[in-house]
Amino acid sequence: MPSEAKACSLSFDLRRKTWPLDHVHAHMPLETAAQIGRAVGPTGERVAWLDTETTGLAGGTGTYVFLVGIGAVEDGNFVLTQYFMRDLGGEIDMLEALAEHLRRFDALVTFNGSRFDLPLLQTRFLLSRLRHDFEQSEHLDVMSLARRLWYRRLGGYSMALLEQMVLKVDRFVDVAGWMIPSLYVQYLQTGDLEAIEPIFAHNAADLLSLLSLHGLTGEMVTHPQQTRVAVDWSGLGHLLDARRECAAAAECYRVALVDERDPSVRRRTVTALARHLRRTRQTMELLELWDGEIQREVLPGWLILERLAMLWEWELKDARHALACTEQALATLNGSTHNGSTLNGGGTDPVRVRLVHRRDRLQRKCATIYQSLGSLG
Amino acid sequence: MTLRQLLDRLSSDPRRASKIAFWREIPPRPARFVEFPYSLDQNLVSALRRRGIEQLYSHQGEAFEAVRSGRHITVVTPTASGKTLCYNLPVLDRILREPGARALYLFPTKALSADQVDELQGLIKLLNADIKTFTYDGDTPASARRAIRAAGHVVVTNPDMLHTAILPHHTKWLRLFENLRYVIIDELHQYRGVFGSHVGNVIRRLRRICRFYGSDPQFICTSATIGNPKEHADRLVGDPVTLIDQTGAPSGEKVIAFINPPVVNRELGIRRDTLMEVRDLAGDLIHDSIPTIVFGRSRLTAELLTTYMKDLAKEYGHDPATIQGYRAGYLPSERRAIERGLREGTIQAVASTNALELGIDIGQLGAAILAGYPGSIASTWQQMGRAGRTTDLSAAFLVATSDPLDQYIVRHPEYFFDHSPEHALINPDNLLVLTSHLKCAAFELPLGVNEPYGATGVNDIMRALAEQKIVHGDGARWHYVAERFPAEDVSLRSASTENVVIIDQTNHARPDVVGEVDLNSAPGFVHEDAIYIHLGQQFHVERLDWEQRRAYVKRVNVDYYTQAEIAVGINVINEDGSAPDTLPRAHGEVVVSYRPTIFKKLKLFTQENVGWGKIHLPEGTYHTTAAWWIVNPAVIAGPSLPWPNDRLQGALAALSYALVNIAPAYLMCDRRDLGRVYEIRSPHTARPTIYVYEVLPGGVGLAERMFRLHDELMRAAIELIEHCGCEQGCPSCVGPVLEVGNTGKADALQILRSARLHTVM
């Protein structure tokens with residue numbers, strides 16, 4: 001269980017909570033999360049996890065940050081320091097202390113920090129005529145990873161949704177995020193700290209979940225095949241691709257393709273897998289992949305046949321087979337209303353133009369081959 | 001035929017000449033030049049020389065010197081007098097000497113800013129200097145915004161963007177605000193009324209943010225001719241501004257003619273339809289390929305004139321595509337294409353609303369025809385100024401309608417030529433407007449309890465906002481604490497930010513957005529079964545989804561158009577001032593309720609009534625201000641008995657008609673900015689009362705000004721009615737006999753004469 005400490009200055013409160021590193025949150029000890037999370041970043045020696053509570057969600061100069069939670073591994077513990085602004089007039093004191101605290105770190109981890117928390121803090125510093133450059137420290141926004149990994153599976157990627165569906169964390173008593181601004185404004189008028197006590201707990205829970213989510217994403221890219229939670233495999237593949245872990249990425253793509261019915265995602269995924277197979281010269285696997293797509297009937301026929309034509313022509317050096325595929329692709333295009341363009345003659349449809357061009361070239365190529373065969377014979 | 005020959009024929013042919021109510025030839029004016037100021041950057045001087053500019057017009061030189069000595073200025077000179085150089089010179093000169101310096105250009109419309117940026121960039125190219133100009137508006141891609149914030153020397157935008165996007169995020173614009181040296185406000189006269197009152201507050205907020213960053217920019221404004229350019233600029237900028245109003249630019253010879261259509265029914269005072277008269281005149285000009293602009297007073301007129309003129313072009317064997325319409329509601333791309341066509345000469349004539357009155361560059365036109373008096377002297381000069389930007393001969397025609405104001409103007413040309421143009425009125429301290437902007441100001445930067453904002457102390461308002469939990473006071477400052485982003489709730493242009501989108505469903509598979517109409521005008525234009533005209537094409541409104549703000553239309557080709565009637569009621573909330581007299585009057589706050597009731601179908605060309613229908617739309621209400629006059633029982637008592645109700649009704653209709661039609665001549669406003677209501681027994685005054693109210697929610701002071709201009713207004717109304725040739729009333733004085741009855745005209749005059757008028761001067 002965490003231990004707590006409070007300190008007060010005139011205008012802001014400082015609270016500390018500590019958890020032992022073997023404390024388990026979301027099925028993972030905090031220490032493990034802090035270590036394995038680094039696989040996805042950020043680079044830097046001293047990392048802090050940061051989350052803010054504000055008077056509004058719209059951003060802009062009129063939104064105040066009244067609570068800043070900073071978590072870090074210190075002396076064998078996970079330590080959360082919370083800066084709380086007791087009145088709006090005390091902002092400058094709090095920000096000064098906060099800037100001092102932040103100087104201990106050279107890397108930050110947030111959830112939606114690049115669009116919300118960090119620009120907002122930057123604005124607050126500017127308005128108090130304090131200079132603190134957030135762009136100098138490394139920053140990882142775990143939300144950008146979460147969007148890739150879970151958006152399509154869960155239909156969203158809010159922290160609340162991720163806690164429920166991925167981290168499986170239950171908040172027994174919690175205040176809804178959207179209520180926080182008005183609770184604070186109410187506190188400003190009444191001075192009743194009791195009423196906003198749940199906000200501190202909310203912020204602490206957010207930070208622990210941020211750490212766990214960071215750890216989980218780190219674990220997923222480190223051991224993708226051991227992943228037990230629901231995940232968008234295609235997204236994970238792209239993430240691994242970006243880290244140049246191509247073989248692991250290819251495995252993810254294969255898993256993703258088992259039941260992917262969304263044409264655009266399937267197309268992206270198949271293309272990415274095909275790129276990998278081509279690079280590693282697995283030509284037969286590549287042929288199998290595109291042949292399999294024909295059976296699937298998710299991607300447009302002409303697209304698959306065009307890729308097959310390319311494959312037959314350049315990898316397998318069989319112009320006749322390539323020509324057959326191209327003609328079949330053109331036939332498929334005629335039978336379908338590709339983008340509705342066949343309705344108006346189709347003369348300017350770039351796909352058709354491209355295919356006709358390929359067919360003509362292949363026809364010439366085949367003729368040359370026959371001629372040269374003929375002359376040999 | 002050349003324009004000169006055409007004008008000669010017009011004034012010599014007896015049939016045509018009889019319609020000319022007034023004819024004036026304005027001689028050409030030579031240029032007045034001054035040498036380049038010696039302190040002007042040499043690089044800039046040689047760039048100007050490369051452009052063929054060897055000297056400056058006197059007003060350009062004057063502007064440069066005034067800015068150099070640190071003053072705010074307002075330049076008031078005619079169209080095409082080289083106004084833009086008045087601000088581009090000081091700005092570029094400063095940036096060349098101080099590369100960190102920044103300037104902010106504000107234009108009222110996007111079209112204008114596109115024009116001016118082109119011109120500025122042309123000059124910068126010649127300078128071969130690293131000066132970056134960027135346009136920041138709703139179309140600016142997010143990816144480009146960052147660069148603009150950091151690197152733009154000149155940021156071109158509009159007050160709306162400044163209000164919603166720049167000021168609330170001023171920390172992102174640190175570089176701009178720290179180094180802001182000049183703020184350019186082009187077309188200052190556009191910022192009047194509610195819009196001007198809002199913009200005055202946006203400028204207060206801008207100057208406040210500049211102070212925070214330690215800058216104090218100079219304001220360089222330009223304006224078309226208005227009655228009070230200095231006073232208006234002083235109020236808008238919030239500091240004394242130096243006026244430069246002597247133009248050094250030359251202008252060609254110009255003919256101004258007032259045309260009054262002949263009376264076709266003397267008894268009813270009916271004149272030949274203005275649009276027919278305009279059509280004839282435009283026909284001559286189109287026939288002889290003289291570039292022409294025709295101004296209609298409403299969207300409908302502009303569209304009808306477009307249709308007529310396209311037909312004329314066909315008749316003369318010209319391509320009808322050389323004739324175009326132009327008005328708000330066209331898509332931006334359509335508008336840009338039309339402007340380009342006018343500049344390049346591929347479009348020969350355009351029928352427009354006052355949307356083209358602004359300084360949008362449409363090149364040099366030979367003739368302007370105004371279909372009806374635009375409502376103010378200033379607008380008339382601007383519209384007439386659209387013809388004759390060269391040194392060549394040009395002509396401007398004002399074709400009168402039967403409206404009282406039009407008839408008054410054509411009969412009193414001296415009113416038009418000698419009277420100073422109307423005053424631009426703004427009231428930045430209007431409580432509603434002020435309160436909205438105080439929220440925005442507090443959002444941008446906490447407001448100190450003793451911080452000056454505008455002229456008045458604002459702590460009372462802030463305390464009220466604190467009660468609503470919108471701000472929180474910590475004793476020293478007011479902090480914004482509401483969650484909503486305040487600027488989004490405040491539209492500068494009107495009370496409502498909403499539009500109704502018009503969707504063409506002619507092709508069911510591919511519905512297409514053809515335009516939009518603001519929420520206030522929507523009930524009158526796109527009610528179900530209305531004929532909406534866009535680019536000369538008629539559309540039938542199939543369905544109006546009021547909740548979703550969508551009107552679904554289908555293309556049709558019918559021989560009629562529609563006109564809606566709106567029932568209006570009025571309730572007095574507070575009387576702000578009153579004057580007892582034989583014709584007692586008052587002004588104050590009112591609530592206006594309005595409900596569209598029916599629409600009429602009027603035949604094209606003949607305006608014959610061919611049908612009607614009901615409009616089913618909810619009633620709307622809004623707060624505004626009004627002036628009202630109470631008819632004394634002694635005045636309306638006959639020798640034995642008081643007037644019966646229907647006679648009284650007619651008299652009130654006649655009187656209010658005359659007043660509401662003559663008033664715009666004395667207020668810088670449009671006829672449509674005022675509405676009238678009359679009651680034979682008003683619940684508020686318990687007497688027969690006529691109300692003239694401001695159509696714009698909140699009002700901008702028109703009502704109060706009417707109250708104060710009482711004597712002048714009454715005198716003008718008496719003159720209007722006395723001098724009208726009709727017998728018992730007509731649309732040119734008190735309204736048609738059908739509406740005012742046989743006695744309306746005489747009774748209105750009797751009421752007016754009962755007012756004790758004080759002689760002026």
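Domain bounds here come from an automatic or database domain assignment. For chain B that assignment gives domain 1 (3-27 + 251-418), domain 2 (33-244), domain 3 (431-478), domain 4 (499-558) and domain 5 (566-597 + 622-754). Before we go further, note that this is a predicted model, in which local features need pLDDT of at least 70 and side-chain atom pairs count only at pLDDT 80 or more, while totals for chains, interfaces and linings use all residues. Residues are numbered from 1 along each chain as its sequence is written, and chains are lettered from A and ligands numbered from 1 in the order in which they are written.

Let us start with two of the domains. The centres of domain 2 of chain B and domain 3 of chain B, taken over C-alpha atoms, are 29 Å apart. Between them, 11 residues of domain 2 of chain B are in contact with 10 residues of domain 3 of chain B; contact means that the C-beta atoms of two residues, placed from the backbone, lie within 7 Å. The domain 2 side of this contact has 4 nonpolar, 4 polar and 3 charged residues. In this classing, Ala, Val, Leu, Ile, Met, Phe, Trp, Tyr, Cys and Pro count as nonpolar, Asp, Glu, Lys and Arg as charged, and the others, Gly among them, as polar.

The two chains also meet. Their contact takes 16 residues from chain A and 19 residues from chain B. On the chain A side, α3 (113-127) and α6 (180-190) each supply at least two residues; helices (H or I, at least four residues) and strands (E, at least two) are DSSP runs, numbered from the N terminus. That side of chain A divides into 8 nonpolar, 7 polar and 1 charged.

Now for the interior. A residue is buried if 20 or more other C-beta atoms lie within 10 Å of its own, exposed if 12 or fewer, and partly exposed in between, with C-beta atoms placed from the backbone. A nonpolar core is a set of buried Ala, Val, Leu, Ile, Met, Phe, Trp, Tyr and Cys residues joined through C-beta atoms within 7 Å. The largest such core has 189 residues, and B:I369, B:A658 and B:I662 have the most contacts inside it. Helix α22 (residues 645-662) of chain B gives the most to this core, with 11 residues. Apart from it lies another core, of 117 residues, among them A:F78, A:A205, A:L208 and B:A487.

B:E25 stands opposite B:V255. With strand β18 (residues 394-399) of chain B, β11(B) runs parallel, joined by 6 bridges, and B:I256 stands opposite B:A396.

Finally, look at the backbone of chain A. Most residues other than glycine have a negative phi, and most peptide bonds are trans. A cis peptide bond joins A:G41 and A:P42, with omega about -5 degrees. A:D75, in the loop between β6 (65-74) and β7 (77-85) of chain A, has a positive phi of about 50 degrees. A:D75 counts as exposed because it has 6 C-beta neighbours inside 10 Å.

How values were computed
Two strands pair if DSSP finds at least two bridges between them.
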